[in-house]
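Biologist: I am new to reading protein models. Could you walk me through one, feature by feature?

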Amino acid sequence: MRRGGEADFSPARSPLLRGIDHSLEVDMRPNPFLSTRSLCGECEEDHLTEFWAAALDSCPAFREAYCRFLLAGHADRRGWGELRIASVATQVNFGGNVPDLVLGLVGTGGLEIRVAVEHKIFARESRSGRSQENDEEKVLGQLSRYLSVPEIDGVAFVRLWPQALDPRVLHHEKYIRPGAGMHFLWWHFYPLLEACADECPAVRWLKEGFEQDGLTPPLERVPLLRVPGDDERERANRGEFAKLMELAAVRAAEAGWRPNFDQHGAELYLRRHPSSWAQRVLFSGIGQPQGRARRQPGLRVWVTPRQGEEQGAIERLRPAVASGLFPRPPEIHRLPKGTVEFYVAFSELLAGAEDAETIRARFSSLAEGVLLCL
């Protein structure tokens, strides 16, 4: 990677700024990562990858932290020993297979290892799920091909939201999994950027970009999901809600469902389970229950049976609402077209949950309880 010099924009050295009152301190440092994104059209992933590679190349502290976070667990399992990144390259062609990022690593005893990292950013929202299904099938094909390349020793995958992956990918000896979940998410890397932001400009640029895009750790509360008159804030809040629902999506994927966030993250759809009596499941933070009058903010759960499975759906779901998660079991209602619904207020489901991980665990436990009934 080529490295350029830093321009000095301090008032003392810039003749254009002499004589100007600098009593008010304003951060006017440029951020090329943010200022050049609009020039990339639909190539945001390539744009991010190039800046990511530049940060790894120019900042030893970030390079070491990233290597440890991404690979330590996998290296232990494979007996690679302690790794260090010796080279970083983008868009390397392996006989028609072109991963976004390729890391050249050196392990114990001089062992040379090559790891490919595939980057995905923005999944297109679709209530039908068809566009996302096409994207998922494309990604699964990519990962499978990368895993079969002899010159590649490991494959990692980074995405905005959780995606279900084929067991043949998940259990492949070359596939690199995080400690929890099927693949890495972008916000998982924010603490690394934050810790190293003062070390070099490229890391700081990425950190600021992640903050602008909401790729930061989950909040310790459920934000307002409806913000009339402020679409930008509403969309950002719904993205934060999706982070709190992330473990629920992961558990669903592990159970054989295809998770899909919609409404900018305020709703989690589960579809395409090969053997469940349910056709689809919805966990919505914005849906109002139809079975009773409007209540305080909470989570609406809809389960739509497959044709011919409508009878007995309520009884099948009763164990999900009889668990110790609720001060009192939510009422289950059958809607006119056979969908089964129940609703629980956030204040009840999350009582005593005062940090992000506890909130995420509560949502995950609720999802697991529902999935066990399906």
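Biologist: Let's start simply. How many helices and strands does the secondary structure of the chain come to?

Modeller: Helices (H or I, at least four residues) and strands (E, at least two) are DSSP runs, numbered from the N terminus. Here the chain has twelve helices and eleven strands. This is a predicted model, where local features need pLDDT of at least 70 and side-chain atom pairs count only at pLDDT 80 or more, while totals for chains, interfaces and linings use all residues. Residues are numbered from 1 along each chain as its sequence is written, and side-chain values use heavy atoms, with hydrogens and water left out.

Biologist: What percentage of the residues of the chain count as buried?

Modeller: The word has a cut-off: buried means under 20% relative accessible area, exposed over 50%, and partly exposed in between, using a 1.4 Å probe and protein chains only. Of the 374 residues in this chain, 51% are buried.

Biologist: And how do I read contacts along the sequence?

Modeller: A contact means heavy atoms within 4.5 Å. Take the contacts in this chain between residues at least 6 apart in sequence: 58% of them join residues at least 24 apart.

Biologist: Which residues touch the most other members of the largest nonpolar core?

Modeller: In soluble globular proteins, nonpolar side chains tend to be buried together. A nonpolar core is a set of buried Ala, Val, Leu, Ile, Met, Phe, Trp, Tyr and Cys residues joined through side-chain atoms within 4.5 Å. The largest core here has 88 residues, and Trp52, Tyr66 and Leu103 touch the most other members. Another core, of 19 residues, lies apart from it, with Val102, Tyr146, Val155 and Phe157 among its members.

Biologist: What is Tyr66 in contact with, leaving aside neighbours within four places in sequence?

Modeller: Tyr66 contacts Trp52, Leu56, Ile85, Leu101, Leu103, Val117, Phe189 and Leu192, once those sequence neighbours are set aside.

Biologist: Now a helix, please. What span should the 15 residues of α2 have, at 1.5 Å a residue?

Modeller: The expected span of a helix is 1.5 Å times one less than its number of residues. For α2 that gives 21 Å, and its end C-alpha atoms are 21 Å apart, so the two agree. Among the buried residues of α2 are Leu48, Phe51, Trp52 and Leu56. Ala54 also lies in α2, but it counts as partly exposed because its relative accessibility is 23%.

Biologist: How do helix α2 and helix α7 cross?

Modeller: Axes are lines fitted to C-alpha atoms, for helices over the stretch in contact, and angles run from 0 to 180 degrees between N-to-C directions. The axes of α2 (residues 44–58) and α7 (residues 201–213) come within 8 Å and cross at roughly 140°. That makes α2 oblique to α7: angles under 35 degrees count as roughly parallel, over 145 as roughly antiparallel, 65 to 115 as roughly perpendicular and the rest as oblique.

Biologist: Which residues of α2 and α7 meet?

Modeller: Leu48, Phe51, Trp52, Ala54, Ala55 and Ser58 of α2 meet Ala202, Val203, Trp205, Leu206 and Phe210 of α7.

Biologist: What do the buried residues of α7 pack against?

Modeller: They pack against α1 (32–35), α2, α3 and α6 (190–196). Gly214 follows α7 and has a positive phi, near 75°.

Biologist: Where does Pro223 lie?

Modeller: Pro223 sits in the loop between α7 and α8, and it counts as buried because its relative accessibility is 4%. Not counting residues up to four places away in sequence, Pro223 touches Asn237, Glu240 and Phe241. From Pro223 to Asn237 is 14 residues in sequence and 5.7 Å in space, C-alpha to C-alpha.

Biologist: At what angle do α8 and α12 pack?

Modeller: The angle is about 70°, with the axes 8 Å apart. That makes α8 roughly perpendicular to α12. Phe241, Lys243 and Leu244 of α8 make the contact with Ala356, Ile359, Arg360 and Phe363 of α12.

Biologist: Last one: is His74 buried or exposed?

Modeller: His74, in helix α3 (residues 60–78), is buried, because its relative accessible area is 3%. Beyond residues up to four places away in sequence, His74 touches Trp80, Glu173, Lys174, Tyr175 and Ile176.
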